[in-house]
Amino acid sequence: QRRDPPPRHINDISQSSAQTQAKQMFTMLQRAGKHQGVVQHCVNGARFKVLIPRQSCIVAFALSGIRCPQTGRRDGEPGEPYGEEAYLFSRDKCLQHDVEIEITGQDKIGTMIGRMYIHRKDQAVTLLQEGYARLSGRDSTPELEEAQLEAQAKRLRTWENYDAEMEAVRAAEAVAEIEIAAAGEAEEVTVVEMVDPINFYVQAASSAKQLEYIGGRLAAMNKNEAAGGANTRVKPGDVVAAKFSEDGAWYRARIEDRKGDKYKVLFVDYGNSDTVSASDVLPLGSTVPSLVQCPAQATEYKLAHIKLARDEDLVYEAAGLVQDLLGASGGKVRAKVEYRERSGRHHVTLVDPTSGENIGAMLLRSGLAKLERKKQDIEGLKDAQEEAKRAHLNIWRYGDAADSDDEDIRFAQDVAKAKEKAGK
């Protein structure tokens, strides 16, 4: 009597608990070339679980070179525009369909990365052509780039607001707002306020005497004028004297916003903010130097070419790294201005005086920040980012996490154009 063969055991290495096993199998699966498979589950438009019958396993699989918008989360957090539509499109095309996959890489959590073909058509190309995905900034090919250009020209879905002509106008306007700083030597400054891991307010070493003089003038105004001086109407943008709630002292401040009898102010000589009562705001006395007579002693700095992750946990981790570094050096860093905006914000390279390492490169190497524009070749920074990509650290842990925000791309391109123009 003929017996049926025993049921084949399927090894599900797509689970997070099987991460070690997935990493052990990666080399074998990669070397085997193309695999016939069946899509068992769609996570989002570009991520799947695929059964590979010949290998008796189920793998987590992500399309390389593209990024689809995120779908909404179970906790109620909304997804990105067209995230749900991209998911439904891929589910309709792929779920329980025969596919051919080619594994080219693997991320930190064991997800296989590569190409997926349905009826010999690259699914990444299809998603790009339909406007459900955008290039991720790595592993791109001419075919993928052509597919994205096709969707842009038709203004499909995620490109529905795309206007090449308007993009050119915005670029020209932005270039007009960028002023290239003359190249100079790095100088030592002190970080007095960290807004976030890449934005700071700093004071120059020469600020000490100016701050002492301004403080003395404000203290004298406080004694002679504050008690009887009536608070005149002030509006956002005005420079005033404001009392800091933590120490009760008066400082020069710019009005940022007003709600009722409360003012949000920025202390221009220190970079910190506070919300104060109307009674704690006074016009600058005649004996207190104005910003024309004595410029603000806190200068706004941003790490040049660097962008933070969207993930709040990664921003928090990046903040901890930078705070530890500044704490060890007493806030002192070496700064070289790369360029500045007409608004006064300086884009800089900051160097840790103890280790001599570029702080921006440290964030990039840890996968806690990324370059503002894909394929931007900035000396000392591109290699640091590539190191984090290869190790699939933090931002790059899913392999396709790099985004291509239009604003960041335009801004970095504008900077490059302005620098080129200035060099002619």
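Mentor: Buried means under 20% relative accessible area, and exposed means over 50%. Keep that cut-off in hand. This model is predicted.

Trainee: Let me try it on N394. Is N394 buried or exposed?

Mentor: N394 has 14% relative accessibility, so it counts as buried. It sits in the loop between α9 and α10.

Trainee: Where is H392 found?

Mentor: In the loop between α9 (382–391) and α10 (406–423). H392 is buried, with a relative accessible area of 10%.

Trainee: Now a serine. Where does S64 lie, and which residues does S64 touch?

Mentor: S64 lies in the loop between β4 (57–63) and β5 (66–67). Leave out residues up to four places away in sequence, and S64 touches T104, I113, G114, R115, A124, D139 and L144. Its relative accessibility is 4%, so S64 counts as buried.

Trainee: Is C42 buried or exposed?

Mentor: C42 is buried, with a relative accessible area of 4%. C57 also counts as buried, at 0% relative accessibility.

Trainee: Next, aromatics. How many aromatic pairs are there?

Mentor: Five. To read a pair, look at the distance between ring centres, then at the angle between planes. Planes over 60 degrees apart count as edge-to-face.

Trainee: How do the rings of F244 and F267 meet?

Mentor: Their centres are 5.4 Å apart and their planes stand at 70 degrees, so the pair is edge-to-face. The pair links distant parts of the chain. F244 is in the loop between β13 (239–243) and β14 (250–259), F267 is in strand β15 (residues 262–267), and 23 residues separate them. F244 counts as buried at 13% relative accessibility, and F267 counts as buried at 2%.

Trainee: And how do Y251 and Y270 meet?

Mentor: Edge-to-face, because the planes are at 80 degrees, with the centres 5.5 Å apart. This pair also links distant parts of the chain: Y251 lies in strand β14, and Y270 lies in the loop between β15 and β16 (273–277), 19 residues apart. Y270 counts as partly exposed, at 28% relative accessibility.

Trainee: Which residues do ring pairs link into a cluster?

Mentor: F244, Y251, F267 and Y270.

Trainee: Rings can also face charges. Which residue lies over the face of W159?

Mentor: R134, at 3.6 Å from the ring centre. Look at K389 as well: its charged end sits over the ring of W396, 4.9 Å from the centre.

Trainee: Last topic, salt bridges. How many does a search of the whole structure find?

Mentor: Eleven. Check the N to O distance, then ask where the partners sit in the chain. E150 and K154 meet in a salt bridge at 3.6 Å.

Trainee: Why are E150 and K154 separated by about one helical turn?

Mentor: Because they are four residues apart in helix α4. E150 counts as partly exposed, at 31% relative accessibility, whereas K154 counts as exposed, at 52%.

Trainee: Which residue forms a salt bridge with E130?

Mentor: R157, with the closest N and O atoms 3.2 Å apart. This pair links distant parts of the chain, 27 residues apart. E130 is in the loop between α3 (123–129) and β9 (134–135), and R157 is in the loop between α4 (142–154) and α5 (164–176). E130 counts as partly exposed at 29% relative accessibility, and R157 counts as partly exposed at 26%.

Trainee: What about D311 and R397?

Mentor: Their side chains meet in a salt bridge, 3.0 Å from N to O. The pair links distant parts of the chain, 86 residues apart: D311 is in the loop between β19 (306–308) and α7 (312–329), and R397 is in the loop between α9 and α10. D311 is partly exposed, with a relative accessible area of 27%.

Trainee: Which residues are linked in a network of salt bridges?

Mentor: E357, R365 and E387.

Definitions and conventions:
Residues are numbered from 1 along each chain as its sequence is written. Side-chain values use heavy atoms; hydrogens and water are left out. Helices (H or I, at least four residues) and strands (E, at least two) are DSSP runs, numbered from the N terminus. Buried means under 20% relative accessible area, exposed over 50%, partly exposed in between (1.4 Å probe, protein chains only). Contact means heavy atoms within 4.5 Å. Rings of Phe, Tyr and Trp (its six-membered ring) pair if their centres lie within 6.5 Å; planes under 30 degrees apart count as stacked, over 60 as edge-to-face and the rest as tilted. A charge sits over a ring if NZ of Lys or CZ of Arg is within 6 Å of the ring centre and within 35 degrees of the ring normal. A salt bridge is a side-chain nitrogen of Lys or Arg within 4 Å of a carboxyl oxygen of Asp or Glu.
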